[in-house]
Structure formats: structure tokens, C-alpha cells
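Please read it alongside the model.

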Amino acid sequence: MKPPSDLDDIVRTIGECGGELRAGGTDVMARRRVRRTAGPFVDLLGVPALRGVTWRPDGSARVGAMTTVMETADDPRLRAAYPALTATAGALATPQIRTAGTLGGNLLQRNRCAYYRNPHFTCFQTGGDTCPSRDGLHLYSAVVEQGPCIAPHPSSIAMALLAYDAHADVHNRGRMPVRDLYGDGTDPTRDHLLPPTDVLLAVDLPAPVPGERAAYHRAISRAEAEWPLVEAVARVVLDGTTVTSAAVAVGGVAHTPLRLPEVEAALTGAAATPENLLAAAATATSRCTPLPQTGYKVGLLRDTVLHVLEKATAVPDGEAERPRAGRTEGLQEGGTA
């Protein structure tokens, strides 16, 4: 199908022909191979307005939905203003995927549950009325219950955007908080809430916070090219050793990306001591209701959050090093702050 040249053409085409929007295609084509989608596909590559970064006078940024993950990670101005976002983008998947995959595609991709991806099974997301993972293999599933579907949300970038209180600009809807793309996770039939004709145009990021420190980390089962078991991102501002503001979000643990206000509340106003960081990280597990095979994620969540807190509050190179709150065993570095 010839790529539409403007947004009206996109909406008209998808409305008349049905099918699915296709950005970089890294998820769509994988689902096509396992017969979880058949098209037709409406390509977004021919719409230049959906790509690139626009800066506003107040320093805030608008990132087009068709901007690639690699472009997002490598943009030096984005890296200076939004280090948690670029560190997350630079750590996900492989260089090949980051080069082809887009910001919007990452936000609106489908989950990686083995049952959903297997055409021999049915589940809530394929027209069934059960979640076969609950009684089957669920080693990589959610540890925070939100609803009948226990597939973790796969978007690392969505998690980072939650920490920035970012907004999505959606054709037919206007601006909406990124968290509203996913709701509360209680709908088991969907990974996001946008209908096919509501095209994600861009993401709006607020003006950067002076003095922000940030860190991202993913716990994975091999060195690279792996979906995270748990991932976390932290943004902090320090006045001396006191945390004056904090934003913490996690992924891989629930049907939606999660912001952790309980961790933020424990940090804000407290000194960034090893004991306080450990206590704040421990509050991340308060929502956990593990399944028989996901109990290991409770400790992994705490330790991953602890790791990003330590990293974000660490003394910069060249200054005296202070004690670390502890070690996180078995985690691979996922990016730099």
C-alpha cells in the first residue's frame, strides 16, 4: 500500500481499509510472522511532520512519534536535557532495532507473552476469555496485579516518559498524559487504549529541571538483546546530600509501566544516605502480589530500584566517593545517566 502523505490521508485510509498502522515495523512484522496480525498496513514513513525534535523557547521539547529510538538516544541536546529518557532509549534491544524502531512504535507495541505470540493459544488479547499464562508458564510475567492479563508492558520508553510527566499528542484527541495511553491495566484485551484511527503524533516533554541527575538500569538474563525482567529509571535533584525532588518509574513488573510515588515520597526531603536509599527502594515492593513463578521479581524490583537510586545520587567522578548502599548481584549495566 502506498504510504499516505499526510495525517488526513492516514486517518482516511485506515478508516476505509482497516488494518493497522506501521511505523518502523519491528513489532508489526514479528506479529505478522506468527499470524497475530495480517494487515493491511498503513505506513507512516511518508509523513515527515511525524519525525524530529522541536525545541520551544522555555527549553521544553516535542519529539515526533516517527523519530527513531537511535535518534532519540544519540541526540546531544536531548541527552543533556532528559538524561533518563536517552539512557533508556540507548539501552533497549539492539542497535539494529534502535535504528529501525520508532518512539511511537515503542510506546504502542504489543506485549511479548509467549501465549499471545503463539497462534495455537487463545487469550484475552486474541478473543478468548482466559489468561493461559496464569496456569502455565509465567516466569516472566507481572508481579504487580492490575487485572486479568499478567503480560508485562514492553515499552521501556513509556516508563521513562512517566518519570518526566510527559504528554502524548494524539490526532483526534489532542494532548494527554502518557499514562493515559495505558490506563490502569484492568482491560485485559489491550496493551494500550488508542483505537486504530487515533494516530500518535508526538511526545511533549516539560522544560528540563536544572541540576537533575538520572539513571536507568535493566535486569536481564543475558548480557544484551534481551527483554528486561525488571527495569527502573530515577530522576533526582540534590541540595547537598538532601533529595529535594525525585521521580522513579519501573517496567517489566505490571501490565502497564508504573510510576512509584511511594519511593519518591520516601526520598524527598531525606538525605541520600545508604540507609535511606535502601529504605526507599524497599517501598517499591509494597504493591507486589507475586504468582508462583514470579516471586523472584520482588527482590529484583527492590534491588533494581536501589541500583538506580545509588547511581543517580552518586558523587560525580573526581569528587570523594561515599559508601554505596549495597550491591545488586547479577544485573547488567543498561545505560549511562
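1. In helix H11 (residues 274–282), the buried residues are Leu 277, Ala 280 and Ala 281; buried denotes under 20% relative accessible area, with a 1.4 Å probe and protein chains only. Viewed along the H11 axis, these residues lie within an arc of 100° and so line one face of the helix, the arc being that of the directions from the helix axis to the C-beta atoms. Helices are DSSP runs (H or I, at least four residues), numbered from the N terminus. Among the elements covering the buried residues of H11 are helix H10 (261–267) and helix H12 (296–313).

2. This is a predicted model: local features need pLDDT of at least 70 and side-chain atom pairs count only at pLDDT 80 or more, whereas totals for chains, interfaces and linings use all residues. Residues are numbered from 1 along each chain as its sequence is written, and side-chain values use heavy atoms, with hydrogens and water left out.

3. Helix H5 (residues 83–91) packs against helix H9 (residues 156–163) at about 170°, their axes 9 Å apart; axes are lines fitted to C-alpha atoms over the stretch in contact, and angles run from 0 to 180 degrees between N-to-C directions. H5 and H9 are therefore roughly antiparallel (over 145 degrees). Contact residues (heavy atoms within 4.5 Å) include Leu 85 of H5 and Ile 157 of H9.

4. No disulfide (a pair of cysteine sulfur atoms within 2.5 Å) is found in the whole structure. For Cys 113, the nearest cysteine sulfur, that of Cys 131, is 6.2 Å away. Cys 113 is buried at 19% relative accessibility, and Cys 123 is buried at 9%.

Notes:
Buried < 20%, exposed > 50% of the residue type's maximum accessible area, 1.4 Å probe, protein only. Helix = DSSP H or I, 4+ residues; strand = E, 2+ residues; numbered from the N terminus. Parallel < 35°, antiparallel > 145°, perpendicular 65-115°, else oblique.
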